[in-house]
Amino acid sequence: MFNAPRPAQRYVAPTSNGFASSYVDDNPLASSVYDDGLDPWSANPSPTPTPIPQAPASVFSAVIADATVPSIYHRAYNSADPEGTGDTSVNTLSRVLSTSSLPASTIDRIVNLVSSRPRVSKLEFFVALALVALAQAGKDVSIEQVAALSSRNTLPEPTLDLDRFQPTTSTIVPTVRRNSTLPPPRAPLPAYSDDPWNTNTRFNGLPTNTAFGAPSSGLANAAPSTLAGTGLPDQWWDKEESIKITVLGQQGFILNRYTVYEVNSNRREHPVVRRYSEFVMLWDVLVRRYPFRLFPSLPPKRVGADEQFIEQRRRGLARALNFVVNHPVIKEDGVLATFLSEPSFEAWRKQNAVSLEEESASKRVDRTEEMTIPSDLEEKIVVVRGKVVPLIEQWQRICILAERIIKRREAAAVRTPPALRRAFLPTHFTLPTLSPSSTTASIAESTVSSAPSMTGSLTQSFLGFVPAPEHPTHPDPQGDLARLTNTLRAVVEVNEVCWRGDDCELSNGVRQGLEQVAAHTQRHSEIAELRSRALQDSLLESLKAQRDLYLATRDLFIRHDRLSLDQVERLKKRIETNSVKLDGIRAAQKENWQEEAERLTAAIEKDQATIAAQLSRRIFIRACMWHELRVVLHNRENALLTKAVQGFARDEHEYAENVANNWMSLTEAVENMPFE
């Protein structure tokens, strides 16, 4: 019941084009592109995750319970997870614990007690710190002991030298490259008034509307053509506004809880806090104002959403918002600007009337602009229509495969039980074999058995990494590298004193060589972890943005087919009928014929005005479609893909060099290990 789509609502707004209401009657989520199996979102409730054996998060929730956590716990965790992602790697946990001066064997035991996976949650991290404190006090190091202390609200405080801890020793930066030169930030919005857009320099020269926040860009009345070349500024791909969305947490009571997001722009001074329903309100306005513009749908809502779904939705919201703020027309919309700048969007929309009038009602295409529309536009649209569905299928498979490979690369899914993976990624297990002759029918007939070989071949060619076998108990490379480092250091500690009792050069030389191996395995683990995170945040999001672009194109054609219809032919027939009646009345000149003639004349004039408005709308729709295909689709599907591929190649080259340099350094360090 709660997950059913909201019923479509008709928003009635005064228009100047002869119609009494909006052309768009759809809820922006009623036909979400993510409900058709193309993404790991669906209209079904979130599945209950299969509990992971060996210390799941619920166990540690019971261990910590409601005990007061000492401040040193939070300071240590903030050092390990400065970006607030909610978890950290086994490698980072090990390096934090190494600041406690405990033996490597004890640290290895603690790490293995709290987690068997490559990453540890915040609760697991806290339990590990409590175990460190117990070890430092010479007490029993066990989960039961931590639970007993927690029940008495006396969690012990470990002694850590956090000044020794460095977030990473890798030279690879796990963030998307930022542009060194950006256009100057736009002027902040002025104080709101009854019609603030007329006082804002960003919206000068726009048609005045009685309702607040009318569309504020596009093809203006009698404006000269601006569609020269690509229709976009030079090197526009390096000048785009960048929106970052982070999850702040949940608010509200049990039956009315909602997730809060922080929206931060690189061109706006202050971030704003938004909830999901406010994104829906914004999209509702944009869909109704710009039905013939190209922009993606929002990811849907889900009752009882788990962390996996919330993270997927956060990324989907970020991609959608980044698209509209960089759309050459929609980016100047008044409500969009308010959404990105007004501290309380909910309060603002209650105080201001928002126009839902379609873009074509207040804008016209001049003769010069009309002449730029090619006569074969319909043929071009047919060509694009034929490509969209196959492109969506292929890009979706690319996204799925890339995500699998990245997950294996950071060893985040290897130990996860298969049932849990199926719950989170329902579309990831029906992949066909890639071949030039693939068809839609072959896609439907493909089996799960084709996935491993395809994944393996793509892994080796795409990322240069040989994946581990698909088995839930197979050891993962990255998580075990961190554990291998701890174990090697424990071996070194045990063999610190030679059994011969004298100074043994052979024993000491081998021990020093093992120390070098431990140091270099730790460094390799750090390099792999950072590169995996960078791939997740840059390459994978770029691939999904490409897929979203074709999904948005498909939806644009659907809206065009449904909303571009008009009543011109019917009105022409009615005018002909009324004209014949009028001629007959004038010829007969019966009693009170003047009143009837005036009524028919007024009806004919009204229909003629409506026809003129609808013919103008036809031209405007054609101009919109040509603009979206030529300026938005053509440029974004090519230029942004070029940027992503070039960035991927550069970063992979840098990553490979770092890995090679690390092992070359180890080769030099162990060259003189003794044999006798």
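Predicted model: local features only at pLDDT ≥ 70, side-chain atom pairs only at ≥ 80, totals over all residues.
**Entry 1: a pair on one helix**

I started with helix α19, where Glu596 and Arg599 sit 3 residues apart, so about one helical turn separates them. Next I checked whether the two side chains pair up: Glu596 forms a salt bridge with Arg599, and the closest N and O atoms are 2.3 Å apart. Then I looked up how open each one is. Glu596 is partly exposed, at a relative accessible area of 30%. Arg599 is partly exposed too, at 47%.

**Entry 2: a pair from further along the chain**

How many salt bridges does the structure hold? I got 32. One of them joins the side chains of Lys643 and Asp238, at 4.0 Å from N to O. Lys643 belongs to helix α19 (residues 593-669), while Asp238 is in the loop between α6 (143-151) and β3 (243-251), so this pair ties together parts 405 residues apart in sequence. Lys643 is partly exposed, with a relative accessible area of 34%, and Asp238 is partly exposed with 25%.

**Entry 3: a pair tucked inside**

Now for Arg289, which forms a salt bridge with Asp333; their closest N and O atoms are 2.7 Å apart. The two are 44 residues apart and link distant parts of the chain: Arg289 is in helix α7 (residues 276-289), and Asp333 is in the loop between α8 (307-325) and α9 (334-339). Are these two buried or exposed? Arg289 has a relative accessible area of 0%, so I wrote it down as buried. Asp333 also comes out at 0% and counts as buried.

I also found a network of salt bridges. It links Glu311, Arg314, Arg315, Arg319, Asp537, Glu541, Arg547 and Asp548.

**Entry 4: the nonpolar cores**

The largest nonpolar core has 68 residues, and the ones touching the most other members are Ile245, Phe279, Trp283, Phe295, Leu321 and Val324. Which helix gives the most to this core? Helix α17 (residues 505-563) does, with 11 residues.

Skipping residues up to four places away in sequence, Phe279 touches Ile245, Tyr261, Val263, Arg274, Leu298, Leu317, Leu321 and Phe339. There's another core apart from the largest one; it has 38 residues, including Ala80, Val127, Leu134 and Leu149.

**Entry 5: Leu377 and its partners**

I went to Leu377 next, which lies in helix α12 (residues 377-409). Its relative accessibility is 1%, so Leu377 counts as buried. What does Leu377 contact, leaving aside neighbours within four places in sequence? I found Arg622 and Trp626. I also compared Leu377 with Ala623: they are 246 residues apart in sequence, yet their C-alpha atoms are 9.7 Å apart in space.

**Entry 6: two crossing helices**

A reminder to myself: two packed helices are described by the angle and the distance between their axes. Which residues make the contact? From α3 I listed Val90, Leu93, Ser94 and Leu97, and from α4 Ile107, Ile110, Val111 and Val114.

Methods
Residues numbered from 1 in each chain as written. Heavy atoms only, no water. Helix = DSSP H or I, 4+ residues; strand = E, 2+ residues; numbered from the N terminus. Buried < 20%, exposed > 50% of the residue type's maximum accessible area, 1.4 Å probe, protein only. Core = buried A, V, L, I, M, F, W, Y, C linked by side-chain atoms within 4.5 Å. Contact = heavy atoms within 4.5 Å.
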